[in-house]
Amino acid sequence: MKANRLVFENAIDINPRSGIIKFNGNRMILKSAEALGFFRRDIIQTLNMERAKGFLLRYGWACGYSAGGSIEKMYNWKELKELIRAGAAIHTLEGVVSVQIDVLEITNDKFEMEGKWFHSYEAEEHVRHFGFSDESVCWTLIGYVAGFLAKTYPKEIVVFEEKCRGKCDDYCKFVVRTKEHATEEQLEILRYFQDTSLADELDNTFNELKSLNNSIVHSDTIHKQMTHAMLEGYTLNQLLYLLSDALQCSVTVERRYLMKPIGYYFMHEDDERVYIEASRKKKEFRHEYDIMTMKKQLGTLVILSHKALTREQEMIIERAVTVFSIYLYTQIQIAQSQWKKKSDFLDEVMSQQSPSEELIKKARNIFYFDPSKNNRVIVITMEHEEPEIVHSFLATEYLNVECFIKNQEVLLILEDCKKDVQYMSNFLSGLSKRVMERFKQATFQIGVGKNAEKLEEIGNSYNDAKLICQFLRYAAPQQSQAAIYENFQHIMLFLKTTNPRELLQFYKEVLGQLLEYDEQNHATLVHTLEVFLNHSGNVNQTAKALNLSIPGFRYRMEKIESLLQEDMRTGDGRFRCHLALKIYYAIKTLENKK
C-alpha cells in the first residue's frame with residue numbers, strides 16, 4: 001500500500017443512520033476547530049501555559065499512538081517509510097494540518113525526518129486567543145507525531161518544532177530525531193511526556209493557588225501593618241525595620257545623587273559593608289525597585305539578598321513600595337510647606353513690614369539658625385538639574401546649615417559666619433567642588449551675599465547673592481561659576497539698577513580695544529590705566545608708582561586715550577573707565593578661580 005493512495009472516502013466509514021464514524025473499526029467524531037480553540041484557551045487559563053503545554057502534548061501523543069496502531073493494521077505496509085507517510089496523510093485528511101515531508105531517512109541506528117506544517121489549526125487558535133507567542137505552540141501536533149512514531153518505530157525519538165506560525169514565522173517546521181542524535185536543549189521536551197493525569201495537574205494548580213492566596217494574605221497583612229505604622233508617625237527607618245523583618249533581608253531607600261541612603265535597616269553587621277561594595281560594583285546582591293508617584297521618581301527601594309527573591313517576597317515588596325511612595329510624597333509636601341514659610345519670611349523681611357523684635361521671634365520659629373547673629377545667604381541657581389535633587393544632596397552634606405528652596409533656587413544661610421573674606425572664599429570653593437563633582441551634567445551659578453549683621457539685612461544679603469548669580473549667568477554662559485559679595489561690591493549698585501547684560505556690553509565697549517591691544521602686544525596699558533585712576537588722575541603720583549618718567553607716562557596715556565576714545569581729563573571719562581575696570585576685574589577674578 002502506498003501512502004499517496006489514501007483518500008478520505010476509503011479511510012473513513014460513515015454511517016448516516018447511526019451517526020457513527022469509524023476509522024479502521026475505531027469510532028471517531030468530527031470536532032469544530034473553533035471549539036478546540038476554546039478548549040485550549042480554558043485549559044491554559046486553568047492550568048497556566050507551562051502545565052497546559054504538557055497536557056496538550058500528552059493528549060496529542062495519545063491521538064498519534066492510537067492513529068499509528070489503526071493505520072498499521074489497516075493495510076499491509078511493505079516499507080516503514082510508507083507507513084510514516086500514511087500517518088502524515090491521515091493527519092492532513094482529518095483537516096488538522098497540511099503536512100509536507102521534506103526529509104525522511106531511516107537506518108538501523110538513526111531516524112531523521114523534517115517537514116513543514118501549513119494551515120495549522122492549533123497555531124491559528126492560539127494566536128486568536130493569546131496573540132503571537134515567543135515559542136512554538138503546535139503542541140498537540142508535536143505530540144501526535146511523537147505518539148505515532150512511538151507505536152510504529154522501535155527506538156525512542158524526539159520531536160520538536162523549529163519554526164511556528166504561532167510565533168509569527170512564515171510556516172511551521174517540525175524535526176524528528178532519535179534521542180541519541182538530539183541536542184540537550186531538544187531533549188528538554190521529553191519531560192512533558194511524563195505520565196501526569198489531569199487530576200494531578202489540577203491538584204498541583206490548586207496547591208499553587210492556595211500558596212498564592214496565603215502569600216496575598218500575608219503581603220496584605222504586612223501592607224496594613226506598614227500603612228498603620230506610617231499613619232502613626234513612624235520614621236522611614238522604622239518602616240524599613242518592619243519590611244526587613246517581613247522579608248528577612250536588609251533594606252535601604254536611596255535617592256539619586258546622594259552619597260548615603262536616606263533610610264536603612266541592616267539585619268546583619270556585615271550587610272552594610274557588602275551594601276557599600278555592591279553599590280560600587282553593581283553586584284546581584286542588590287534588588288532595586290523604583291518608588292514613584294505621578295510619573296516622578298522619589299527614590300529607590302533596595303533589597304539586599306544573595307538569593308533570588310521568592311514570589312511572596314516580591315508581593316510584599318510591591319505593596320511596601322506603595323507605602324514608601326506615600327511616605328516620601330508626604331515628606332516632600334511637608335518640606336515644600338516649610339520652604340514656603342521660609343520664602344514668605346524673606347519676602348516679609350525685604351518689605352520691612354514688621355518690627356525687628358517680631359521678626360526675630362518669628363524667625364526662631366521657622367529657621368534653625370540664630371537670627372540675632374551675623375549671617376550670610378548663599379543662592380544656587382542651576383540648569384539641567386532639579387532643585388529638589390540638589391537640595392537633598394546639600395541637606396545631607398551640610399547638616400548644620402539652613403537649606404531650602406525659593407523660586408526654584410536653592411538657598412543656604414550660614415549662621416554666625418566670619419566676616420573674613422578668605423574664610424568665605426574657602427567655604428565657597430569647597431561647596432562649589434562638591435556640587436560640580438556630584439552633578440557633572442548640570443551648570444551652576446553660586447552667589448554669596450553680603451554679611452548681614454542683623455536680621456533686617458538678611459533680605460539684602462539674599463538680593464545680593466541673587467544678583468551675583470544673574471551676573472554670572474550672563475558673564476559665563478554654559479559654565480559653572482561661584483563668587484562672593486566682596487568680588488562685586490564696587491559694582492553692586494549698578495547690578496541692582498542695570499541689566500547684567502548691559503553692564504557686560506558697557507565694559508566691552510569702553511575697554512574692548514585696549515584689552516585687545518594688550519593681548520596682541522603683551523602690553524600692560526590696562527594696568528597703567530588702573531593705577532592712573534587709583535591716583536585720581538594725578539600724573540606725578542601715577543608716574544612715580546609705575547617707575548616711569550613723566551614723558552614716558554604721557555606717551556602711554558596718549559596711547560590709552562586713542563584706544564579708549566575717552567578724555568581722561570574729564571570726570572565723566574575717568575568715571576566710565578573706572579566702572580568698566582571694576583566690571584572687568586570682577587570677571588577676571590572668576591576666570592582666575594576657574
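Some ground rules before we look around. The model is predicted, so local features need pLDDT of at least 70 and side-chain atom pairs count only at pLDDT 80 or more, while totals for chains, interfaces and linings use all residues. Residues are numbered from 1 along each chain as its sequence is written, and side-chain values use heavy atoms, with hydrogens and water left out.

Let's start with the layout. The chain is assigned domain 1 (3-195), domain 2 (200-334), domain 3 (352-491) and domain 4 (498-593); such bounds come from an automatic or database domain assignment. Between the centres of domain 1 and domain 3, taken over C-alpha atoms, there are 78 Å.

UniProt, in an unreviewed entry, lists "domain: 4-vinyl reductase 4VR" at residues 116-178. Its positions follow the numbering used here, feature names are shortened, and annotations may be inferred rather than shown by experiment. That span is 38% helix and 27% strand, and its end C-alpha atoms are 19 Å apart. Helices (H or I, at least four residues) and strands (E, at least two) are DSSP runs, numbered from the N terminus.

Now for the open space. On a 1 Å grid over the protein atoms alone, a pocket is an open set of points with protein on both sides within 12 Å along at least five of seven lines; a cavity is a set where a 1.4 Å probe fits but cannot get out, and lining residues have an atom within 4 Å of a point. Points are joined across faces, edges and corners, and a volume is the space filled by probe spheres set on them.

The largest pocket holds about 1,300 Å³. It has 38 lining residues, and Arg255, Ala335, His391, Ser392 and Ala395 are the closest to its centre. So where does this pocket lie? Domain 2 and domain 3 both give residues to the lining, so the pocket lies between them. Helix α11 (311-351) brings the largest share, nine residues. By class, the lining has 20 nonpolar, eight polar and 10 charged residues. Here Ala, Val, Leu, Ile, Met, Phe, Trp, Tyr, Cys and Pro count as nonpolar, Asp, Glu, Lys and Arg as charged, and the others, Gly among them, as polar.

How many cavities of 30 Å³ or more does the whole structure have? The search finds two. The largest has about 130 Å³ and 13 lining residues, with Ile84, Gly87, Ala88, Met113 and Val145 nearest its centre. Its lining has 11 nonpolar, two polar and no charged residues. The second largest cavity has about 70 Å³, and its lining does include three charged residues. Among the residues lining this second cavity are Arg40, Glu122 and Glu125.

On to the cysteines. There are zero disulfides in the structure, a disulfide being a pair of cysteine sulfur atoms within 2.5 Å. Cys403 is in none, and its nearest cysteine sulfur, on Cys469, is 14 Å away. Cys403 is buried at 12% relative accessible area, and Cys249 is buried at 6%. Buried means under 20%, exposed over 50%, and partly exposed in between (1.4 Å probe, protein chains only).

Last stop: Gln513, in helix α17 (residues 500-521). Is Gln513 buried, partly exposed or exposed? Its 45% relative accessibility makes Gln513 partly exposed.
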